[in-house]
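Here is a short briefing for a reader new to this structure. Please look at the sequence and the model first, then read the points below.

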Number of protein chains: 2
Amino acid sequence: MSQSKTVNRRLVLASRPHGAPTAENFRQEEHPIPQADEGQVVLRTVFLSLDPYMRGRMSDAPSYAAPVQIGEVMTGGAVSRVVSSRHPDFQEGDWVLGSTGWQDYSAVAGDSVKKLDPRIADHPSLALGVLGMPGFTAFMGLLDIGDPQPGETVVVAAATGPVGSLVGQIAKIKGCRAVGIAGGEEKCRYAQEEFGFDACIDHRAEDFAEQLKAACPDGIDVYYENVGGKVFDAVMPLLNTKARIPVCGLVSQYNATNLPDGPDRLPLLAGMILRKRLRVQGFIIFDDYGHRYDEFAAQMGEWFDAGKIAFREDITEGLENAPDALIGLLEGKNFGKVVVRVGEDE
Amino acid sequence: MSQSKTVNRRLVLASRPHGAPTAENFRQEEHPIPQADEGQVVLRTVFLSLDPYMRGRMSDAPSYAAPVQIGEVMTGGAVSRVVSSRHPDFQEGDWVLGSTGWQDYSAVAGDSVKKLDPRIADHPSLALGVLGMPGFTAFMGLLDIGDPQPGETVVVAAATGPVGSLVGQIAKIKGCRAVGIAGGEEKCRYAQEEFGFDACIDHRAEDFAEQLKAACPDGIDVYYENVGGKVFDAVMPLLNTKARIPVCGLVSQYNATNLPDGPDRLPLLAGMILRKRLRVQGFIIFDDYGHRYDEFAAQMGEWFDAGKIAFREDITEGLENAPDALIGLLEGKNFGKVVVRVGEDE
């Protein structure tokens, strides 16, 4: 079903998932298109971003952000067009970026959204990928916590995703060896050919750990953590003394309902942190680095304009398909940055 | 047996421990007193330092430092007197600090030892405690990685030991709430009365975790990790967002021969690092901070001279008792900095 001019479709959280989310956890509702109060703009969603963090918002387990409540619109960043404006800075037709969620239309404070850089008017969804939150996440986690030095080895999983692919490309710009991890041969080949990884290992391979070891002959100096699980298990023995581990995400465990069976390896990890003098640090991009967004935007814009940054999008058509696309994303089925085309971009 | 003027007793590693070390892992040998080559000094050990890291050197598991080989003298820092010198900077009778190990006499390069600050000539063993390696360890781990801010809560175990007691005192100097953990009521009382901890919790208490929680009403901002095990388990749920964990040691697990039973809590720790945006960082004091020793010496000397630093030593008499003292130290039986008086200090 395509976007209507009179009805606002909203995808709300119907129930909380136990384990992997299913279609039944979402419900589509139809509402009137909202009106703008003074200072607000009415937005029509064009591109909706889907990202792994959304799994966390579906649960009410303690986390860094409040969960979506049952019956509330699913949260999410989107690129939209201004339909009507009661804010002096916006006019009908403007492109904006905002946290407007899984719906066709929204009425939000003009001060809560950001006009897109005119440079990307011909490709506005980039504001949800390399030139937006995922790009910022890759940039700050790698450079500020990872602190990669020329000649060091940087490893990252989800190497064809928006964060992983950019971690690899920035690592190369910084003179590092970049080793990616991805699911399947096609993604691995793409990571090397299009994103410039020196090697990319298929985590589905039976000898994955041995292949990773062979691809990191000098060990691992920076492991950009976005998946956890068996990838981290394979990384652990390869970590060099004083390695840095920015912890950006743990997609492999978001759907887990129980801890794995023992033995309890918590003391093993603690002992490794001590003996190898690791720095392991979690971060939440806007909370921790919001004040440095301009620094990212300037540097990434420069690299992008110079043609140094490749990207890949995985577009899903239609808001109604967002639940399936998120479910697939959490299973690693996407190939590139997952974006839902909610409406026409005219 | 007291120190001889003709025989050099040496305590060597006889075998590697499986689990907790026993007396059989050590062997006492008698050797002639060594002679100085050109550039060397002959030293008579007066005070030998015993420290938890020595357990690691007894094993050949991969670690940050080479293990002591079977038949080699046990490694250790000591304060000694120069017996004879073939190095222009040293004279008979000088007090020096060096890594001369568990023996009465040693012949070492003059350039490998350090003259003691004359200010502590009346208390030379302090060079093994608050004014030496343990003090430096407390200082750098807390201030550089822990980065304590006024009003924050700092938690440390082994609160009457040389590192823990100093972590607490520096935390107080920095305007923090200092909560100690120690084994037994007597140590806990001492930590509060003599070292100024705001609270000190007995880890042997049945309701230890509840008591710790009650002592940290605003959560924990810095956990200075030197023990691991059940103390860390109790600390984990109390950690605040953006808490820092300098990992200095894990005494509770040094004697472990197996990982604990499951479930596997490694993903739990990883998830907590992510959600709470923790910074967890191991360090080895001289490897990581050797270049900042003067900074420590100047600041600690100033605090010490101003009477702001309390300390407590636990003196064992006689080199032959060093094995038992180390075994006790690893079980938390010591009460203060463990020093072996190997010889008279005249």
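The rule finds 8 salt bridges across the interface of chain A and chain B. The model is predicted. In it, 38 residues of chain A are in contact with 38 residues of chain B. The two chains bury about 3,300 Å² between them.

**The interface in outline**

- Carbon and sulfur atoms carry 64% of the area that chain A and chain B bury between them.
- Between chain A and chain B, 13 residue pairs are in polar contact, with both residues at pLDDT 80 or more.
- Several elements of chain A each supply at least two residues of the side that touches chain B. They are β12 (239–247), α7 (251–254), α8 (266–275), β13 (279–282) and α9 (285–289).
- Helix α8(A) gives the largest share of that side of chain A, with 9 residues.
- By residue type, the side of chain A that touches chain B divides into 22 nonpolar, 7 polar and 9 charged residues.

**Strand pairing between the chains**

- Strand β13(A) is joined to strand β13 (residues 279–282) of chain B by 3 bridges.
- These two strands run antiparallel.
- A:Val280 has B:Val280 as its bridge partner in β13(B).

**Salt bridges**

- Over all chains, the structure holds 40 salt bridges.
- One of them is formed by A:Arg277 and B:Asp288. Their closest N and O atoms are 2.8 Å apart.
- Why does this pair join two chains? A:Arg277 lies in the loop between α8 and β13 of chain A, and B:Asp288 lies in helix α9 (residues 285–289) of chain B, so the pair joins two chains.

**Aromatic pairs**

- The count comes to 28 aromatic pairs over all chains.
- A:Phe26 and A:Trp102 form a stacked pair. The rings are 5.4 Å apart, centre to centre, with 10 degrees between the planes.
- That angle counts as stacked because planes under 30 degrees apart are given this label.
- The pair links distant parts of the chain, 76 residues apart. A:Phe26 is in strand β2 (residues 26–32) of chain A. A:Trp102 is in the loop between β5 (95–98) and β6 (105–109) of chain A.

**Backbone features**

- In chain A, a cis peptide bond joins A:Gly262 and A:Pro263, and omega is about 10 degrees. A:Pro263 is found in the loop between α7 and α8 of chain A.
- In chain B, a cis peptide bond joins B:Gly262 and B:Pro263, and omega is about 5 degrees. B:Pro263 has its place in the loop between α7 (251–254) and α8 (266–275) of chain B.
- Where is B:Ala158? B:Ala158 sits in the loop between β8 (153–156) and α3 (162–173) of chain B.
- Phi of B:Ala158 is near 50 degrees. This is a positive value in a residue other than glycine.

Methods: Residues numbered from 1 in each chain as written. Chains lettered and ligands numbered in written order. Predicted model: local features only at pLDDT ≥ 70, side-chain atom pairs only at ≥ 80, totals over all residues. Heavy atoms only, no water. Contact = heavy atoms within 4.5 Å. Buried area = accessible area lost by both parts, 1.4 Å probe. Salt bridge = Lys/Arg side-chain N within 4 Å of Asp/Glu carboxyl O. Polar contact = N/O pair within 3.5 Å; in protein donor to acceptor, adjacent residues only side chain to side chain. Helix = DSSP H or I, 4+ residues; strand = E, 2+ residues; numbered from the N terminus. Nonpolar A, V, L, I, M, F, W, Y, C, P; charged D, E, K, R; others polar. Pairing = 2+ DSSP bridges. Phe/Tyr/Trp six-rings, centres within 6.5 Å; stacked < 30°, edge-to-face > 60°.
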